[in-house]
Number of protein chains: 2
Amino acid sequence: MTGSNHVRIVEVGARDGLQNEKTLLPTSTKIELIDRLSATGLTTIEATSFVSPKWVPQLADATDVFHGIRKLPGVSYPVLVPNLTGYERARDVGATEVAVFTAASEAFNRANINATIDESIERFLPVLERAKADGVKVRGYVSTVLGCPYQGEVPVADVVRVARRLHELGCYEISLGDTIGIGTPAKARAMLHAVAVDVPMHALAVHFHDTYGQALANILSCLEEGVRVVDSAVSGTGGCPYAKGATGNVASEDVVYMLSGMGMHTGVDLDALVATGAWLAAQLGKETASRVTRARTTSSS
Amino acid sequence: MTGSNHVRIVEVGARDGLQNEKTLLPTSTKIELIDRLSATGLTTIEATSFVSPKWVPQLADATDVFHGIRKLPGVSYPVLVPNLTGYERARDVGATEVAVFTAASEAFNRANINATIDESIERFLPVLERAKADGVKVRGYVSTVLGCPYQGEVPVADVVRVARRLHELGCYEISLGDTIGIGTPAKARAMLHAVAVDVPMHALAVHFHDTYGQALANILSCLEEGVRVVDSAVSGTGGCPYAKGATGNVASEDVVYMLSGMGMHTGVDLDALVATGAWLAAQLGKETASRVTRARTTSSS
């Protein structure tokens, strides 16, 4: 594998993960989760989402969570914002990094927010403008990059177009998400390769769900293509609204384990991450989806 | 990815998988399992093991199982034999392919069969001789190729030496097994690369357990290195006696899904495999370990 041996993990468990968990956690538990994650050496920890509580009851306490967490120097705590109202709430509590989201699939945008891709991007233009003026970093999520629950195939050209647009608009990093976890390594790599023609590789991240068990293999193939930022969620939290019973985000523990075994540096303390994942699974009352955590926490039982 | 786009799956669920499952299945269920697997297009289906019933109660009915299955033309049904007694029992029921096993770790052999690696190989020399005389194909398993529960690190040189010896002794194929599922892609690939210097790649197979979630990523890296035979178990049956609660063999469904998405040909009907995996999980009274099967069988619920 050529290229840098440093990989930045973007921990999305407290937002993308919890958002899709049915068990509602108390605010104090979410704060403890993020504080524990901060102590593992992670440098980017998505903290919460300032969407309408109507949409995502789990994250209705965004303000309290963001207020409550200990913010370590050198660690960024981005929050998701769907619009200017969300952005303003985020700014009110002192967020210095936000994330916006759209999809590469026209059908997905239509079904979810009743807009075309272009309209969905237009909707957060005010956020991008204000963020620029405020000196707030903006991360952009592009979902359904390898398939869509509504339209099936998603043309790579659409992924490229959306990613390029977000980059042009000022997103410092574009996270390419296989929302339904349907992609396989060669397709993931080809998609990344195509996007990297128009957007510098250092501004790209990959975001895989493990619905079909392909996440680590997909990450491996994207690392081989040159990406060095990987989204993952401690304990593999989350699910897939399009495949009930399916697993969610790839588990951070399993990603860090793989990277470490490959001589790649993440700066994350795997033992601390495993302990946090096991603790979180207990809070959620479910078995952890991390194989590493399962193997480590049961080997002596 | 260069090289042939045909991959042969060696289905080990009925032996390596069931061997490590606590729920004892009736003989008729095992026969139905193998008959269902035969109908998926698989060409190598490990059927059972002629070990002492004392060691593996699950496979005490080896003779009845092997008698009972419908043997399709073009499909091989290897059986595991630990010694000449097992070989003779296998031959009595008409087995035309057998498998022998040893480990690359001295400590593992010592703990499991109280022998050195060389002694363990000597013990099945009579099997290899008789098999040669009988025109019976012999597959060799080398376990603990990427780590050992007793000695930890296993030198690659030991893996190479054992694999070369098995090949010299007449094994037509050597399956390199990460018994405790601890390996990561770069190490797996380096190990395979080293073995392939001494044993032709076409005579090598890889055998990964998903204990740490690394199996598909490891398979991907070994495919990139040139291997074209992959062991897997429908529904990801089995477990790991060294990490209780951990997952077992990599699920055949997930392997076939990945390969298919990469344009690699296995000849296996994924739908039939998923149906068989879901059925087997129900027989075992446990959730399937295949992510693909989970995603497919729950998406409409």
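B:Ser235 is buried, its relative accessible area being 5% (buried means under 20% relative accessible area, exposed over 50% and partly exposed in between, with a 1.4 Å probe and protein chains only). The model discussed here is predicted, so local features need pLDDT of at least 70 and side-chain atom pairs count only at pLDDT 80 or more, while totals for chains, interfaces and linings use all residues. Residues are numbered from 1 along each chain as its sequence is written, chains are lettered from A and ligands numbered from 1 in the order in which they are written, and side-chain values use heavy atoms, with hydrogens and water left out.

Back to B:Ser235, which sits in the loop between strand E9 (229–232) and helix H11 (252–261) of chain B. Helices (H or I, at least four residues) and strands (E, at least two) are DSSP runs, numbered from the N terminus. The phi angle of B:Ser235 is near 70°, a positive value in a residue other than glycine. Most residues other than glycine have a negative phi. A positive phi is also found at B:Asn114, where the value is near 50°. B:Asn114 belongs to the loop between helix H5 (106–113) and helix H6 (117–123) of chain B. Whereas B:Ser235 is buried, B:Asn114 is exposed, with a relative accessible area of 62%.

B:Thr184 lies between strand E7 (173–178) and helix H9 (185–198) of chain B, and is buried at a relative accessible area of 2%. Apart from neighbours within four places in sequence, B:Thr184 is in contact (heavy atoms within 4.5 Å) with A:Tyr257, A:Met258, A:Gly261 and A:Met262 of chain A, and with B:Gln214 and B:Asn218 of chain B.

Turning to the sheet, chain A has an open sheet of nine strands with parallel pairing, in the order E2-E1-E9-E8-E7-E6-E5-E4-E3. Two strands pair if DSSP finds at least two bridges between them. The edges are formed by strand E2 (44–45) and strand E3 (48–49) of chain A, each of which pairs on one side only. Further in, strand E4 (residues 79–80) and strand E5 (residues 97–103) of chain A pair in the parallel sense over two bridges. A:Leu80 has A:Ala99 in E5(A) as its bridge partner. E5(A) is mostly covered, with six of its seven residues buried.

A:Val136 is found in the loop between helix H7 (125–134) and strand E6 (137–143) of chain A, and counts as buried at 8% relative accessibility. Although A:Val136 and A:Thr96 are 40 residues apart in sequence, their C-alpha atoms are 5.0 Å apart in space. Leaving aside neighbours within four places in sequence, the contacts of A:Val136 include A:Thr96, A:Glu97 and A:Val98, as well as A:Tyr87 and A:Arg91.

What angle do helix H8 and helix H9 of chain A make when they pack? The angle between H8 (residues 156–168) and H9 (residues 185–198) of chain A is about 40°, with the axes 9 Å apart. Axes are lines fitted to C-alpha atoms, for helices over the stretch in contact, and angles run from 0 to 180 degrees between N-to-C directions. H8(A) and H9(A) are therefore oblique to each other (angles under 35 degrees count as roughly parallel, over 145 as roughly antiparallel, 65 to 115 as roughly perpendicular and the rest as oblique). The residues that meet are A:Val156, A:Val159, A:Val160, A:Ala163 and A:Arg164 of H8(A), and A:Met191, A:Ala194, A:Val195 and A:Asp198 of H9(A). By class, this contact of H8(A) with H9(A) has seven nonpolar, no polar and two charged residues (Ala, Val, Leu, Ile, Met, Phe, Trp, Tyr, Cys and Pro count as nonpolar, Asp, Glu, Lys and Arg as charged, and the others, Gly among them, as polar).

H11(A) contributes A:Ser252, A:Glu253, A:Val256 and A:Tyr257 to the contact, and H12(A) contributes A:Leu270, A:Leu273, A:Val274 and A:Gly277. These residues divide into five nonpolar, two polar and one charged.
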